[in-house]
Amino acid sequence: MAERRIKVIIAKPGLDGHDRGAKVVARALVEAGMEVVYLGLQQTPEAIVRAAVEEDADVIGLSILSGAHMSNFRRVRELMETAGLGDRLLTGGGIIPTKDQERLKEMGVAKVFGPGDDLMEIVEYIRLNARRASG
Amino acid sequence: MSTKNRELWEKRYEGSGLRDADFTSLSGRPLQPLYAPEDLGEFDPDARLGYPGDYPFTRGVHPSMYRGKMWTMRQFAGMGTPDQTNARYRFLLDKGQTGLSVAFDNPTLYGRDSDHALAAGEVGKTGVAVDTLADMERLFTGIPLDRVSTSMTINAPAAWIFAMFLANAEKRGIGFGALRGTLQNDILKEYIAQKEWIFPPEPHLRLITDLMAFCAAEVPQWNTISISGYHIREAGSTAAQELAFTLADGFCYIEHALAAGLDIEDFAPRLSFFFNAHLDFFEEIAKLRAARRIWARAMRERYGAKNPRSWLCRFHVQTAGCSLTAQQPEINIVRTALEALAGVLGGCQSLHTNSMDEALALPSEKAVEIALRTQQIIAYESGAANVIDPLGGSYYIEKLTNDLEAEAERYFRKIDELGGVVKAIEQGFFQREITRSAYEYQMALSRKKKFHVGVNEFVNPGQALEIPLLEIDEAVERDQIAFLRRTKAERDNGAVRDGLNALKRAAAEGRNLMPPLLDCARRYATLGETSDALTEVFGEYREQPFY
């Protein structure tokens, strides 16, 4: 079967208007041939996972620059498990201190990116680690 | 100058072998290797520059600039509870800061109380939480509000946060006439860039006009709005987009206030601006000079203002947060110093210098002290404050100033064609322009056409972070919510209900909302209760996500 395009949900949870990174990454993923559903601002974890189920997304990317990354990633991860999306990639980016990155990894969040990370590296990471539909 | 000599130089230049490098500005502007008198064409210094304090104010808004009064050193600060932020303000004033600038947390910026579901995890994280007048009282305890000017970065709920500020001054016996400061109160750039709104544009614009009318009569020294390019730039715009979109927003506010029947001379002198100082030193200086000239001309010629004070583009400058790197954070001190110098040479009225750790966290005490000392070095050691507009007359600076002005004018025409600023927002025009610029810059970094030291070149692989970071204790959220509950238990809830009902009636009937907002604040109505009451009348705004 032909390989289908990687589908990525990008969202900004909580009360955080800093959407530069989310939009730039969304655009780079589209340029790289992926399908992107950008949900926009003020998304609840529930709405994000609901969208991921509806879209049968391979990847969920959260952009958080507000400091509320621990609670939002934790909640999205829990809801993904409940919704049967445990095999999908949960990644993201923002202002996330190194020691929090370790804690995120322990709760099943993949690599998260920060200021200065190379755009092409982010695209490659998602390409290599996205759950592929087996056909 | 002699054409022959120029041709000779050009030949020598072409023949001398150039580095394989990108010579465009940070915003991607093509640049010549050299600027000379002929690049300025028919340059009339009287018309294009004037003298400082004189139309068109290219060289500065005051005749004496920093010889008369040094710019205000104002560090944007706020974290955790109002008590913790109050301690930071006292620290900064003790270190020689000359004005205050309040950073609110995200829930407050969205007009939500600390116990709102969407506020979970965000209370006190990126600024201070303010839920009621009781928090405003704690925030400014022991600070002489009649002697220190206060800037507040608040937009969507600006009018009711300001009502709390006024109610606090009133309780302390400080007359409104003695209060000096600035409310950011710039909702248009929220739709364009920072994305912190509550209602659709029209009711927000009405609140801004109400506040301008109220302050003209009651709080005459207050800057009612700080029309901001800073956030537009941080969202990824170019220098020209920042300049054009900010001034276009300014025109939109003027037109709304005129349509509401206000006299331009009553409100225009209290408008202020806020620009970014990014890394491209000369382009930033030219941008700031161009802003003054464009604004003065529009105010005098397009809007017919007669009072020269109505023509002034007075502005605050903040160094570019987005230029800072999490990698090798100490070198951010150098970036900030260069940017701050551009702000000063561009003629700012007040300045914030970012701290080296701001790509990682809110500033630590040590980091913010270095940032403030950077301003003090520029002011008192470097000599930059001795001579007014020292780069005026530089062929390069004058050509860049002209070019940025022309680029802004092209954007104004485009925005007019789209039906004005509000229509252009609804169509996603600004949002798409900014995203395109942000993407192009990120690609330029990825392809190493542009460099960011420590990020895509001159990196120290595997280097561990060596500076201490400020952490906001998780207890802040619990403490703040407990304080809010206590305040609500101790107030007269009947009086709050009456106040909120009166506010809703005034909103529905089109009366000025400042008096009922002030009444609600005095009764300790919460930020969120006030937002909810107004939302019942005005409705909510949802953005279509553009990228």
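Helices here are DSSP runs of H or I with at least four residues, strands are runs of E with at least two, and both are numbered from the N terminus. Keep in mind that this is a predicted model.

I will start with chain A. Chain A holds 5 helices and 5 strands, and along the sequence they follow the pattern β-α-β-α-β-α-β-α-β-α. The C-alpha trace spans about 40 × 35 × 25 Å along its principal axes. For 135 residues a compact globule would have a radius of gyration near 14 Å, and chain A agrees, with 14 Å. As for burial, 51% of the 135 residues count as buried. Among the contacts in chain A with a separation of 6 or more, 73% are between residues 24 or more positions apart.

The strands of chain A form an open sheet of 5, in the order β2-β1-β3-β4-β5, with parallel pairing. At the edges are β2 (35–43) and β5 (112–113) of chain A, each of which pairs on one side only. Inside the sheet, strand β1 (residues 7–13) of chain A runs parallel to strand β3 (residues 59–64) of chain A, and 4 bridges join them. If you want a pair to look at, A:Ala11 is opposite A:Leu62 in β3(A).

Next, the contact between the chains. How many residues does each chain bring to the contact? Chain B brings 36 residues and chain A brings 30. On the side of chain B that touches chain A, α5 (106–109) and α18 (429–446) of chain B each supply at least two residues. The largest share of that side comes from α18(B), with 6 residues. By type, that side of chain B divides into 18 nonpolar, 12 polar and 6 charged residues.

Now the sheet of chain B. It is an open sheet of 9 strands, in the order β5-β4-β3-β2-β1-β9-β8-β7-β6 (chain B), again with parallel pairing. The edge strands are β5 (222–223) and β6 (225–228) of chain B, and each pairs on one side only. B:Ser228 is opposite B:Phe274 in β7(B).

The pairing of β2(B) with strand β1 (residues 72–77) of chain B is parallel, over 4 bridges. Within it, B:Arg74 has B:Gly99 as its bridge partner.

On to helices and packing. Helix α9 (residues 201–218) of chain B has 18 residues and reaches 25 Å from first C-alpha to last, close to the expected 26 Å. The buried residues of α9(B) include B:His204, B:Asp210 and B:Phe214.

The largest nonpolar core has 191 residues, and the members touching the most others are B:Ala159, B:Ala163, B:Met164, B:Ala291, B:Leu517 and B:Ala521. Helix α11 (residues 239–259) of chain B gives the most to this core, with 12 residues. Setting aside neighbours within four places in sequence, B:Leu517 contacts B:Ala159, B:Trp160, B:Ala163, B:Leu503 and B:Thr530.

Last, the backbone details. Most residues other than glycine have a negative phi, and most peptide bonds are trans.

B:Phe458 has phi near 55° and sits in the loop between α18 and α19 (475–490) of chain B. B:Tyr524 has phi of about 65° and sits in the loop between α21 (514–522) and α22 (527–538) of chain B. Is each of them buried or exposed? B:Phe458 is exposed, because 12 other C-beta atoms lie within 10 Å and the cut-off for exposed is 12 or fewer. B:Tyr524 has 23 C-beta neighbours inside 10 Å and therefore counts as buried, the cut-off there being 20 or more.

Methods. Residues are numbered from 1 along each chain as its sequence is written. Chains are lettered from A and ligands numbered from 1 in the order in which they are written. This is a predicted model: local features need pLDDT of at least 70, side-chain atom pairs count only at pLDDT 80 or more; totals for chains, interfaces and linings use all residues. The radius of gyration is taken over C-alpha atoms; the globule rule is 2.2 Å times the number of residues to the power 0.38. Two residues are in contact if their C-beta atoms, placed from the backbone, lie within 7 Å. The expected span of a helix is 1.5 Å times one less than its number of residues. A nonpolar core is a set of buried Ala, Val, Leu, Ile, Met, Phe, Trp, Tyr and Cys residues joined through C-beta atoms within 7 Å. Two strands pair if DSSP finds at least two bridges between them. Ala, Val, Leu, Ile, Met, Phe, Trp, Tyr, Cys and Pro count as nonpolar, Asp, Glu, Lys and Arg as charged, and the others, Gly among them, as polar.
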